[in-house]
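Me: Hi! Could you walk me through this one? I'd like to chat about what packs where.

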Amino acid sequence: MEDPSGYEHFTPADAIAHQQELRKQISIKELTSPIRTIAGADVSFNKNSEVLYAGIVVFTYPELKIISTATAIAHTTFPYISGLLAFREVPALFNAWNNLVIKPDLLVLDGQGIAHERRMGIATHFGLITTIPTIGSAKSRLYGNFNEPADKPFAESPMYHNNEQVGVALRSKVRCNPIYISPGHNISIRQSVDVIRNCIRGYRIPEPTRQAHFLVNKIRIEHGDGTAKQPGLFD
DNA sequence: GCGACAG
DNA sequence: ATCTTGTCGC
């Protein structure tokens, strides 16, 4: 398990080279051990602020009762660059992860897994450095072509790049845009979708991610970072 | 050159 | 991602 704390000084070229190196270790295969706990992770921040608020919420599975949470506040100067999200958010998430006393059997990240140009979405990246099985559940598409899934509960449509499937567009809620599911590491595509389906509780966003989102926004506001505005032109 | 572009 | 009120549709 390596330390992501050095990402701060990476250039975009360094980051891409690192992804090319890490991708060699990706394993997409059935998770055979039982899933008794699952967790959701998310990061919150103010636009144009270098402070990130990371949080992880652990649940029993498949009941989805919250049993534990952990947070971390971190600083970063790595900008948001499409395709390099992990280099901005993983260090903060890693700190929250280390603050978790009981590690879950599976972790859901807010972003892509292998549905990425180098198969290195944030879920895959986090799975590789922690060795924990991960699933990427994104609110919008980054990579992969697909047909619009039917407007029926849990309708699915595979996402491909050439002839390779990289994920699934899932209609988690009727009359809402689909969510994009892809395995991160140490789990299969089919299993990733089945687990996420079991985590949908009446909302478009799966419960682990939803609760993690509430948690990180709460600590951001508590920390007094809730209403920072654009730097005034005269102050 | 033009369009796309996780959070 | 965050800010932010109303408004259209089921």
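Me: Let's start with charges and rings. What does the charged end of R88 sit over?
Reply: The ring of F45, with the charged end 4.6 Å from the ring's centre. A charge sits over a ring if NZ of Lys or CZ of Arg is within 6 Å of the ring centre and within 35 degrees of the ring normal. Bear in mind that this is a predicted model, where local features need pLDDT of at least 70, side-chain atom pairs count only at pLDDT 80 or more, and totals for chains, interfaces and linings use all residues. Residues are numbered from 1 along each chain as its sequence is written, and side-chain values use heavy atoms, leaving out hydrogens and water.

Me: Thanks! And what about K103, which ring does its charged end sit over?
Reply: That of W97, 5.2 Å from the ring centre.

Me: How many aromatic pairs are there?
Reply: Six. Rings of Phe, Tyr and Trp (its six-membered ring) pair if their centres lie within 6.5 Å; planes under 30 degrees apart count as stacked, over 60 as edge-to-face and the rest as tilted. Y7, F10, F78 and F87 are linked into a cluster by ring pairs.

Me: Nice. On to the largest nonpolar core: which residues touch the most other members?
Reply: I56, V90, L93, W97, L107, L109 and F126, out of 30 residues in that core. Such a core is a set of buried Ala, Val, Leu, Ile, Met, Phe, Trp, Tyr and Cys residues joined through side-chain atoms within 4.5 Å. Buried means under 20% relative accessible area, exposed over 50% and partly exposed in between (1.4 Å probe, protein chains only).

Me: Which elements give two or more residues to this core?
Reply: The strands β1 (37-45), β2 (51-60), β3 (66-75) and β4 (106-109), plus the helices α2 (85-99) and α3 (122-130). α2 gives the most, eight residues. Helices (H or I, at least four residues) and strands (E, at least two) are DSSP runs, numbered from the N terminus. Apart from this core lies another, of 26 residues, including Y53, V57, Y61 and I135.

Me: Back to L93, what is it in contact with?
Reply: Leaving aside neighbours within four places in sequence, L93 is in contact with A41, D42, V43, A54, G55, I56, L109, I122 and F126. Contact means heavy atoms within 4.5 Å.

Me: Switching to α1, which of its residues are buried?
Reply: In α1 (residues 12-22), they are A15, H18, Q19 and L22. Seen down the helix axis, they fall within an arc of 100°, so they line one face of α1; the arc is that of the directions from the helix axis to the C-beta atoms. These buried residues pack against α2 and α3.

Me: And T76, buried or exposed?
Reply: Buried, with a relative accessible area of 4%. T76 is in the loop between β3 and α2, and a polar atom of its side chain lies 3.1 Å from the backbone nitrogen of F78. Not counting residues up to four places away in sequence, T76 touches E8, E50, L52 and R88.

Me: Last one: where is V58?
Reply: In strand β2, where V58 counts as buried at 1% relative accessibility. The C-alpha atoms of V58 and P208 are separated by 7.6 Å, though these residues are 150 residues apart along the chain. Beyond four places in sequence, the contacts of V58 include T37, I38, K65, L100 and P104.

Conventions. Chains lettered and ligands numbered in written order. Polar contact = N/O pair within 3.5 Å; in protein donor to acceptor, adjacent residues only side chain to side chain.
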